[in-house]
Amino acid sequence: MLSRVADNLYWFSRYVRRAENTARLVGVGSLLQLDLPRSVRFAWRPMVDTVGAGDAFAELFPSSGDDATDAEVVRFLLLDERNSSSLRSSVDAAREILRGIRDTLPQEVWEAINDLYLYIEANGERGVSRRYRLEFITRIADGCLKVSGLLTANVSRDIGFQFLRLGTAIEQADMTTRIIDAGASGLVTPRNEDDREAFQNMQWMAVLRSLAAYQMYRRHVRQRVTAEHALRFLLQNNEFPRSVQFCLARAQHVLPTMPARPGVDRGLNRVVGLIRNADPASLAAKNPAGFMDEIQVHLGTFNAALADGYFRG
Amino acid sequence: MDWAKYRTTTFDELIQADGQPRPAARRLVEYLGGLSGREIAERQLAADVIAKVMGITFTVYSDGRNVDRTLPFDLIPRVIPRTEWIRTEAGLKQRMRALNLFIGDIYGKQQIVKDKVFPAMLLKDSVNFRQQCVGIKPPLGVWAHICGSDLVRDGDGTLYALEDNLRIPSGVSYMLENRMVAKRVFPELFETSSILPVDEYPSQLYDTLAALSPRPGDTPVIALLTPGVFNSAYFEHAYLAQAMGIELVEGNDLFVADDDCTYMRTVYGAQRVDVIYRRVDDLFIDPEVFHPESVLGAPGLMRSWRAGKVALANAPGAGVADDKVVFAYVPKMIKYYLDEDPILPNVPSYLCHNAKERKYVLENIEKLVVKPANESGGYGMLIGPRSTKRERDKFKKLIEADPRNYMAQPTLSLSTAPIVTDEGPSPRHLDLRPFVLSREDIYVTTGGLTRVAMEKGSLVVNSSQGGGAKDTWVVDLDEEAD
């Protein structure tokens with residue numbers, strides 16, 4: 001397996017997973033907006049920061065984005081090519097990567113990605129409008145899952161597949177911490193201090209929904225949604241496939257199937273330890289953003305070790 | 001399909017002057033004659049869909065984006081009788097033997113120059129001569145392992161060699177895929193006619209490459225070096241790599257170590273590469289030796305090749321014989337090296353560095369096709385009878401400024417074959433590109449890639465300029481089932 005091809009497989013699956021999560025994130029923001037009474041202000045800005053596009057956004061909307069309309073922000077998150085984490089940028093990146101490794105993956109994967117790309121080209125602008133937004137987002141999330149399904153069902157379990165699995169796991173772990181971050185940063189600001197808790201719980205429900213986790217949370221936790229429970233579920237649950245813990249465990253399963261690289265193992269174990277030792281109660285009491293940043297930084301370090309270990313050759 | 005009105009003013013590959021099909025094409029023409037216009041249209045549509053699904057594309061860069069285009073495919077195959085093909089194949093093998101001897105001689109003793117058969121001056125000004133290759137003796141003495149020779153037929157039926165592409169000829173994947181499409185669209189004909197197969201090519205190419213390995217005995221590690229996805233022939237690179245089961249690599253995947261061996265970067269660490277089928281032009285394969293800014297190759301590759309640690313196909317420098325001026329000397333080379341008469345005639349050529357021939361070219365430019373020595377893809381040439389006075393004046397100046405770089409050929413009355421149009425079968429000009437593989441023995445594809453100008457009257461068949469393709473059938477009449 002060429003290092004370049006492994007690198008591309010890893011990033012291909014990361015971009016596909018990123019596109020799906022970005023679509024979900026915007027979808028939940030849109031839903032939340034509809035649920036909120038007029039007395040509560042909804043802020044898109046934390047979502048922009050969530051996907052790491054704060055700087056690009058600030059450049060486009062210099063006065064801290066307050067004057068940006070709903071449609072402008074959603075267009076920025078979904079379609080803007082100047083935003084390297086927009087849905088379109090992720091799908092384009094996945095497609096461009098795949099172009100160079102088309103011989104490695106089944107033809108249907110190319111068709112599915114191409115279909116997503118063409119769908120965004122044709123319907124993106126329409127998808128920004130409130131009327132069609134959810135339809136658009138659902139179609140995108142479905143399309144991404146179709147790619148995941150094709151990979152799982154039709155790709156031989158060779159070493160290339162392990163890089164695909166690793167990419168999906170790491171991207172989901174990363175996106176989960178980012179979505180928690182957005183939820184915790186306060187998407188809604190109630191004008192009345194007494195409403196704060198009620199709306200915050202609504203916010204955590206939205207976070208769970210955006211990770212397709214609400215139903216599973218209900219089954220596993222059987223308690224009403226609070227910051228502490230939601231954090232525990234999304235960080236440390238062993239069974240829910242989008243929890244950070246689950247994704248890291250999956251990555252831990254993958255590494256032994258690849259040529260041994262101690263630096264890579266060390267990098268992963270460090271993040272695993274952090275998650276295991278996290279205390280959701282105290283994280284919920286203060287702002288968990290700092291902790292989420294720490295996880296993301298360590299995932300970045302792991303990524304660098306991965307590149308050193310396998311992608312430079 | 002109604003053949004009654006089909007007429008052409010030149011030699012037609014399928015239909016004789018009297019309107020009757022040529023013997024080798026009789027079954028095909030009768031079969032097509034029995035299909036309604038609607039059935040033909042349905043099959044053409046099916047062929048287009050198959051081509052699209054199989055992903056037979058070439059990449060065009062336009063509006064800042066890459067666009068995959070499908071090569072237009074015409075339903076009606078071009079038919080060549082086996083008896084004629086045997087002779088053509090022998091002619092191609094003869095050319096290749098002479099060309100490889102010539103390249104080896106040029107980078108060796110230059111006996112042909114000393115014997116005044118080939119002018120030293122041409123060598124001095126050749127842009128494809130590589131000083132870095134002087135004195136190198138590649139495995140088996142072969143420099144051009146893969147050659148795509150373009151053949152054209154004139155109005156009187158004579159098949160001529162038009163040029164030999166010795167650098168990085170492309171198109172063979174279309175030949176293979178066109179056959180796949182034709183088999184799906186005309187299964188009946190493949191059952192009853194004796195159409196010789198073409199699908200041996202990838203195995204033959206693999207054997208040709210494997211034979212070059214500097215580590216005989218072991219299973220060689222072979223890679224195809226592509227410039228990457230932005231290259232118009234990327235589809236073919238991926239196709240051939242997959243068909244042969246070899247690695248498809250880009251320049252950055254390779255490096256040359258201090259031991260002069262070439263390695264690929266893999267997730268397991270460095271892996272030695274024995275043979276590289278490079279689809280990157282000479283001048284870009286090694287920034288240490290050629291274009292320093294090139295990222296398409298690998299630094300040190302020439303060092304590795306010269307040390308005999310890696311084999312390159314085609315060998316660097318092989319392009320010295322792929323020059324439209326050098327081309328004119330091929331018949332003399334055949335005589336000089338093989339002491340044989342050429343089996344395949346060259347298209348007559350006038351070389352502008354020769355004062356007498358230049359005078360003829362300048363005086364008769366409106367009758368001639370003028371070509372620069374080193375362009376490919378049909379670029380930079382003048383088709384006299386179709387040109388304006390202004391274009392002709394421009395070329396006269398170009399020729400006078402750099403005579404070595406120009407040659408001219410009479411405008412042939414290129415042969416035609418029918419293509420499917422809304423108005424029924426209609427003649428279009430075409431050529432033929434067989435692919436020739438050289439190792440200890442020489443292999444020639446059965447037929448080759450037929451390129452056809454899709455535009456009425458056009459003589460330009462290049463895919464980059466709106467050309468299409470047909471399947472090419474070499475038919476054995478003796479074997480035909482009745």
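# Briefing: chains A and B of a predicted model

An open sheet of 4 strands in chain B has the order β7-β6-β11-β12, with parallel pairing. Two strands pair if DSSP finds at least two bridges between them. Helices (H or I, at least four residues) and strands (E, at least two) are DSSP runs, numbered from the N terminus. This is a predicted model: local features need pLDDT of at least 70, side-chain atom pairs count only at pLDDT 80 or more, and totals for chains, interfaces and linings use all residues. Residues are numbered from 1 along each chain as its sequence is written, while chains are lettered from A and ligands numbered from 1 in the order in which they are written.

- The edge strands are β7 (247-249) and β12 (311-313) of chain B, and each pairs on one side only.
- From one strand to the next, the twist averages 25 degrees.
- Strand β11 (residues 275-278) of chain B pairs with β12(B) in the parallel sense over 3 bridges. There, I276(B) stands opposite L312(B) of β12(B).
- Helix α8 (residues 201-210) of chain B lies across β6 (222-225), β11 and β12 of chain B, at about 130 degrees to β11(B).
- Helix α9 (residues 234-244) of chain B lies across β6 and β7 of chain B, at about 150 degrees to β7(B).
- For these angles, axes are lines fitted to C-alpha atoms, for helices over the stretch in contact, and angles run from 0 to 180 degrees between N-to-C directions.

**Covered strands of chain B**

- A residue is buried if 20 or more other C-beta atoms, placed from the backbone, lie within 10 Å of its own.
- Strand β3 (residues 73-81) of chain B has 8 of its 9 residues buried. It is joined by 6 bridges to strand β22 (residues 467-475) of chain B, and the two run parallel. I80(B) stands opposite V474(B) of β22(B).
- In strand β14 (residues 368-372) of chain B, 5 of 5 residues are buried. L368(B), V370(B) and P372(B) lie on one side, with V369(B) and K371(B) on the other.
- β14(B) pairs with strand β16 (residues 406-410) of chain B in the antiparallel sense over 5 bridges. P372(B) has Y406(B) as its bridge partner in β16(B).
- β14(B) is also joined by 2 bridges to strand β15 (residues 382-383) of chain B, running antiparallel. V370(B) has L382(B) as its bridge partner in β15(B).

**Helices of chain A**

- Helix α8 (residues 159-184) of chain A has 26 residues, which at 1.5 Å a residue should span 38 Å; its end C-alpha atoms are 38 Å apart, which agrees. The expected span is 1.5 Å times one less than the number of residues.
- In α8(A), 24 of the 26 residues are buried, so this helix is largely enclosed by the rest of the structure.
- Helix α4 (residues 70-78) of chain A has buried residues V73(A), V74(A), R75(A), F76(A), L77(A) and L78(A). They pack against several helices of chain A, including α1, α5 and α6 (107-128).

**Where the chains meet**

- 16 residues of chain A are in contact with 19 residues of chain B. Contact means that C-beta atoms, placed from the backbone, lie within 7 Å.
- α1 (3-35) and α5 (87-100) of chain A each supply at least two residues of the side of chain A that touches chain B. The largest share, 3 residues, comes from α1(A).

Key
Two residues are in contact if their C-beta atoms, placed from the backbone, lie within 7 Å. A residue is buried if 20 or more other C-beta atoms lie within 10 Å of its own, exposed if 12 or fewer, and partly exposed in between; C-beta atoms are placed from the backbone.
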